Amino acid sequence: MRGSAFGPAPAFHFAAAGALAWRGPDSSEAPRLLCRSDFVCKAILMATVVIPALLRKLTNGVERVTAPGRTVGQLIDALEKSFPGLKDQLIENGELKLSVAVSIDGEIGNGGVLDPIRDDSEVYFVPALSGGC
Amino acid sequence: MAGSENGSNNGFRVIGTRPIRHDGVDKVTGRAQYGADYALPGMLHGKVLRSPYAHARIKSIRVDKALAMPGVKAIITGADLPDIVGSTAQLGEMIVNTHYLSLNLMARDKVMYDGHAVAAVAATSAHIAEQALAMIEVDYEPLPHVMSAEEAMKPGAPILLPELRSQGDDGKEVHPTNVAGHIQLKHGDLDQGFAEADFIVEREFRTATIHQGYIEPHAALAVHNSDGRVTIYCPTQGTFNVRTLTATILQIPDGNIRVVPAEIGGGFGGKTTVYLEPLAVLLSRKTGRPVKMVMTRAEVLRATGPTSGTWIKARMGATRGGRIVAAKFWMAYEAGAFPGSPFGAGAMTTAGPYDIPNLHIDSYDVVVNRPKVAAYRAPGAPTSAFACECVVDELAEKCGIDPLEFRIMNGSHEGTAQPAGPPFKKIGFIETCNALAASDHYKSKLTGPNRGRGVAAGFWFNGGFQSSAIVNLHADGSVSVVTGSVDIGGSRVAMAMVAAEVLGVDITDVRPVVADTDSIGHTDVTGGSRITLATGYAVYEAANDVVRQLKERAAKLWERKPDEIEFQSGTLRARGADTPPLTIAQIAPRLARTGGPITGRATLNAGFVGAVGAAFAATCIDVEVDPETGKVRILRSTVAQDAGRALHPAYVEGQMQGATAQGVGWALSEEYFYDENGILRNTGLLDYRMPTCLDLPMIETIIVEVPNPAHPLGVRGVGEVPIVPPMAAIANAIYRAVGIRMTQLPISPPRLLAAILAKQHAEQRHPVAAG
């Protein structure tokens, strides 16, 4: 479901974190958080996060967002600033909930909140699983 | 077929060959020690009293008469177990709510299913212990029970666990419920997708509770020493699981418990948790003597962990040209008495073989008054695939396209989004289907009345998680490979083959050892099709560690630097020198004088390999239906599967055949039969009907190898995915045999016969015009 976390036009506005947010010409494109430094707008590469379907009520229906962070933990903290309540769904006692796994660029991570994120990573939060055999 | 008889395969010397398994002689001569074979001096025997009700409050338990019996040494009830509140443990691939696990181990204020443990007795003989059970007085207050997800989800259904609450859209708790969990996966625009479809098929499916069917019942022998140290001998898929779960349930330190693995007579996921072990430890602590407990078959069926029955609604749409454009699944998995069905995995695997642009899946975890479910071979996937693959088959027919060709046209490939979202990496689904399509079976003609051919596909992840390995080089040049991975399917010899390959020694010079929890580093459960992948990787690394050390020793002998030493095919050479090379057998006697013994070691967390190591299978089954009895005979069965790299082809084939056999039972005969009081009526293997070799033809296998780029040997897990397709393949075959789409499992003779008669009756009332 497409939607806007930051409302419709104009193209530039200030998000809650004090950063600039830019929405591309296609409203389905994930909003990007830009940083402002010395009045010069810089575009920063961010990880793309696909929000689980049941949590999109916290992102106004937006499926894909971008956020900064060098680790999963930092990423979730950044997401929490823009989408309050998201962190509680993913984190328990400072660690990723046991029922939640994180896929980073197609591979499930081992390190929970410590898993590293690259600038252009694609991140999914998926249910953790079990096997039999 | 992968592998060859002469030992040469894809440049490997050992990998791909078929050496005799190291444990084979002991197993065929009866020397192998299984859980029930263990005995210790002074040992007592334990037995469990079990609930005769599906749902009841325990008003009181009196044990005085039983305790007074000669030979009875101790009795425990739920009051002897510590309360564990709000605790969850991750044991590799398992996430366990230890509070509910403890309640499942022994009831506290309520019994939740027929067979639920209520008390346990330790006595000087098993017979005395059984007699003592009858002397325990339990006052029950029966409560209303619910036996299916459908009943449990109805408004006004009896609530099993008062603490479960549904959640409103605002995230606030609303009202008590039997729905313990909900997962939703979606991408694309479902409405748009169905609008594009020329054909839409919608069906509702139901599958029954069934058991893993391991022949060996659960057993445990526990010794609780006076110093607090505990030793448990048991058959298990996870020694470290047993240690951690027992420690958590009894609130004792992990490190106080040593778990010694017995040989295991089947597990299939059902022996990844604990039922008897903590009880045996408690009884041993109370009596100061070893206590041995062995389940009967009836106990295994009533009170261990079968797999979920399911209720699934599937709706899929395709264009006239054969492109699947939309799919919607609604799935309810019966968890048993406590939450924790494989509803997540079922959601994440259904439709996994297909590239579907618009997908919506809702999956629910529902508690019912049945035993708490446990993992069973690709948990969640076989039943969700049953629904998906039957609908895919119907869509293929409507499009007028061959069912395998339809699957290939829509097949997942590198970059396809999985149902959960992440893209697949390199996978072999298309290759697997092509291999099946090219098989002699699929190309052959099937003739004769009431005969039909069906195909289906399946998908399962790989597990990674933690494994440890030690490779010891002995003075005679032989090698021992020590791991913590219990061998449930030939992994022991596979580990030896990896070491033999790396070290260039003969497989007969390698001895694989499965160690107890004090003798090897942490190793997660044997399950999730992860052992050859993850523990094999650890062995590979440990063997390479041996090679590194050998180079150092040779360098010392030859007065060179280690990086000037080469190692190949078991031989060390000094680069660019005329020095005679040394084999491992030649350098091994000199280890003491060059620095001491050589031990290679490795530990790793392979992670949940996920997309990279994904596994696919495709199955073709021919059936013949007896229209007068409804009995289905399997005429021919072929399964194709991408193994990545088959280390030991015979054991890969064994996994494929065994899983197919289990799928046949799941499809045609196995189900838990409860009466109106919620009491299980088929508590033995005569009435819980599993297929035997008399019910099956030789199952043909095709090993496809699309190497897993994330693994040094290209391995993908093989143990689970072949159980995913057979039920749908059989249902699709039955359709082609008698023209009836069966949507409920098992397709037992009475059920199929009723459908055949109903069809005949309908045709008599409304005959189809000729010509």
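**Figure 1**
For the complex, the predictor gives an ipTM of 0.81 and a pTM of 0.91. Chain B has a mean pLDDT of 94, and 96% of its residues reach 70 or more. Two stretches deserve a more careful eye. In residues 1-8 of chain B, pLDDT stays under 50, and the model has 19 contacts beyond four places in sequence for them. In residues 608-612 of chain B, pLDDT also stays under 50, and here the model has 27 such contacts. Where pLDDT is low, the predicted coordinates should not be read in detail.

**Figure 2. Seven strands of chain B form an open sheet.**
Follow the strands across the sheet in the order S3-S7-S1-S16-S13-S14-S15, and you will find that the pairing is mixed. At the edges stand strand S3 (72-77) and strand S15 (257-261) of chain B; each has a single partner strand, so one side of each is left without a neighbour in the sheet. From one strand to the next, the twist averages 20°.

**Figure 3. Helix H7 of chain B meets a sheet and another helix.**
H7(B) lies across strand S14 (230-234) and S15 of chain B, and runs at about 145° to S15(B). What is the angle at which helix H7 (residues 239-250) and helix H8 (residues 277-287) of chain B cross? Their axes cross at roughly 55° and come within 9 Å. H7(B) and H8(B) are therefore oblique to each other, and their crossing is right-handed. On the H7(B) side, the meeting residues are B:Val242, B:Thr246, B:Ile249 and B:Leu250, while H8(B) brings B:Glu277, B:Pro278, B:Val281 and B:Leu282. Sorted by class, this contact of H7(B) with H8(B) has six nonpolar residues, one polar and one charged.

**Figure 4. Four strands of chain B make an open sheet with a helix packed on it.**
The strand order here is S20-S28-S29-S30, again with mixed pairing. Which strands are at the edges? They are strand S20 (451-460) and strand S30 (699-704) of chain B, each pairing on one side only. Neighbouring strands of this sheet are turned by 15° against each other on average, ignoring direction. Helix H20 (residues 726-738) of chain B packs on the sheet and touches S20, S28 and S29 of chain B, its direction making about 160° with that of S20(B). Inside the sheet, strand S28 (residues 615-625) and strand S29 (residues 632-642) of chain B pair in the antiparallel sense over nine bridges. There, B:Val623 stands opposite B:Ile634 in S29(B).

**Figure 5. Helices H19 and H20 of chain B cross each other.**
The axes of helix H19 (residues 649-668) of chain B and H20(B) come within 8 Å and cross at roughly 55°. H19(B) and H20(B) are therefore oblique to each other, and H19(B) passes H20(B) in a right-handed crossing. H19(B) makes the contact through B:Thr660, B:Gly663, B:Val664, B:Trp666, B:Ala667 and B:Leu668, and H20(B) through B:Pro726, B:Met727, B:Ile730 and B:Ala731. By class, the contact of H19(B) with H20(B) has eight nonpolar, two polar and no charged residues.

Notes
Residues numbered from 1 in each chain as written. Chains lettered and ligands numbered in written order. Predicted model: local features only at pLDDT ≥ 70, side-chain atom pairs only at ≥ 80, totals over all residues. Pairing = 2+ DSSP bridges. Helix = DSSP H or I, 4+ residues; strand = E, 2+ residues; numbered from the N terminus. Axes fitted to C-alpha atoms, helices over the stretch in contact; angles between N-to-C directions. Contact = placed C-beta atoms within 7 Å. Parallel < 35°, antiparallel > 145°, perpendicular 65-115°, else oblique. Left-handed = near helix turned anticlockwise from the far one by under 90°. Nonpolar A, V, L, I, M, F, W, Y, C, P; charged D, E, K, R; others polar. pLDDT = per-residue confidence, 0-100.
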